[in-house]
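Please look over the sequence and the 3D structure shown below before reading on.

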Amino acid sequence: MSLRARINTPEDHGSRGGDGHLVASYRAKLLEEIDLAEMSSLAAAERRARLERVLGHIISREGPVLSTVERTQLIRRVVDEALGLGILEPLLEDTSVTEIMVNGPDAIFVERGGRVEQLPLRFVSTDQLMQTIERIVSTVNRRVDESNPMVDARLPSGERVNVIIPPLSLTGPILTIRRFPRSFTLQELIGFGSLDEHMVYLLAGLVQAKFNIIVSGATGTGKTTLLNSLSGLIPPHERIITIEDSAELQLQQTHVVRLESRPPNVEGKGQITIRDLVRNSLRMRPDRIVVGEVRGGESLDMLQAMSTGHDGSLATVHANSAEDALTRLQTLASMSDVEVPFVALHDQINSAVDVIVQLTRFADGARRITEIALLDSHGGEPYRLATVARFDARPMTSDGRVHGTFQYFPLPRRTADRLYMASQPVPQAFGVAHRADQLATREAR
Ligand SMILES: Nc1ncnc2c1ncn2[C@@H]1O[C@H](COP(=O)(O)OP(=O)(O)OP(=O)(O)O)[C@@H](O)[C@H]1O
Ligand SMILES: [Mg+2]
């Protein structure tokens, strides 16, 4: 059942003031004539159509003088409210909206095509917004109140919801809804200009030759989306275990085991972390481990797994550059309860991580791979990153777009050899560096 179908308890939504009265009164009349619970077996569109029809009859019967436009608007608002999320309903239905951001009752923003815009909409009151929020979080058996003013949840329909309310928020209740991300094929990502054919060719070889790949980027840069597309390149006979905080990956292979962590319950018990799942997955004979996002001590377990035979693993990490990604993995690994000396961690990362794919979200909303770097250092050496692809951005044009070109650099000899041994061709655009000075390398701590 969808989120919208679940949220249909009729007793709240105190619309007030202006035509809020009219909406509230018709909503009450509508709910007297139909049984919403009974309607929950209908598809969303049918349910809406039925409510609109019944409400149309009520309005005709009572006969308020309304223009056609007013009548249509009234019907829309009443039905929206009756179905549960009021003015958010049409936004949730709109598939071009990827994110809904409510900053208190008067400021509603959405993201479409990577751009954020404010909508000419508002909640009638802070109370009404709070009631909507309460409905949303109660669908996943969570509550939000002063003693529990922050909630992060995933709804049955896939949307990810975050709520933070006063006193933590100084601008009223804040609701952020991220639509369940669509999955895109690499071909579609090429169409968006996020990467090009040469890079896909290289990445395909790296995934198939079982390089360990870290996708790095800031919030909302498209890490999960790329991880999903890259996972699509894993050969179908391999056993894949995916581990996520909120299951977003949609792998198409048949031999996939999906694991999802669990937050503590209301009494603070029963938590299962990503780290627990990574450890458990090692006992499940994985060919590949795919970790949605590394953000804690699981970094250490994942690095150990990667360097001890679980090649071809994929993960994302929150970082602003390839070198940042390494530092971040290292910091997270050192946060684990096992004390590992700095040098040993360094060694671990050098032997575990093979490739870092850096993503960036540009000012025009475009998400692109801005670097593919190979980690070309060993043992306790300082990290040495060899850039093999890079996006060179040009200054923004007058229409607010960011253009640029992808550039390619030779692969380290070691990488080319490994591709060769796995019967993967070295893509022509890249070639092979025979001497160190032919590489586009840099050192990081
Ligand atoms: N290459 C792309 N081109 C256009 N839109 C994209 C691209 N990649 C992702 N998106 C869209 O951007 C939004 C964020 O994507 P995604 O969830 O993959 O990002 P993320 O980096 O994993 O975010 P978070 O840090 O919150 O986990 C989604 O709506 C997704 O559909
Ligand atoms: Mg993500």
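**From a sheet to a ligand**

Strand β2, which covers residues 108-112, pairs with β3 in the antiparallel sense over 5 bridges; two strands pair if DSSP finds at least two bridges between them, and strands (E, at least two residues) and helices (H or I, at least four residues) are DSSP runs numbered from the N terminus. One of these bridges joins R112 to its partner R115 in β3. The model is a predicted one, in which local features need pLDDT of at least 70 and side-chain atom pairs count only at pLDDT 80 or more, while totals for chains, interfaces and linings use all residues. Residues are numbered from 1 along each chain as its sequence is written, chains are lettered from A and ligands numbered from 1 in the order in which they are written, and side-chain values use heavy atoms, with hydrogens and water left out.

The pair β2 and β3 belongs to an open sheet of 6 strands, arranged in the order β3-β2-β1-β6-β5-β4 with antiparallel pairing. Its edge strands are β3 (115-119) and β4 (150-154), each of which pairs on one side only.

In helix α14, residues 342-352, the buried residues are L345, H346, Q348, I349, N350 and A352, where buried means under 20% relative accessible area, exposed over 50%, and partly exposed in between (1.4 Å probe, protein chains only). Among the elements that cover these buried residues are α12 (298-307), α13 (322-334), β13 (367-375) and β14 (383-393).

Two loop residues come next. E238 lies in the loop between α10 (223-231) and β8 (240-244), and E238 is buried, with a relative accessible area of 7%. Leaving aside neighbours within four places in sequence, E238 is in contact (heavy atoms within 4.5 Å) with K210, H255, D287 and R288. A429, in the loop between α15 (413-421) and β16 (441-444), is partly exposed, with a relative accessible area of 28%. Apart from its neighbours within four places in sequence, A429 is in contact with H198 and Y408.

Which residues are the closest around ligand 1? Of the 17 residues that surround ligand 1, each with a heavy atom within 4 Å of it, the closest are R178, S194, K223, T224 and T225. Helix α10 gives the largest share of this shell, 3 residues. An oxygen atom of ligand 1 is 2.8 Å from an N or O atom in the side chain of K223, and an oxygen atom of the ligand lies 3.3 Å from a polar side-chain atom of R367.

Conventions. A polar contact is a pair of N or O atoms within 3.5 Å; within protein, one must be able to donate a hydrogen and the other to accept it, and residues adjacent in sequence count only if both atoms are side-chain atoms.
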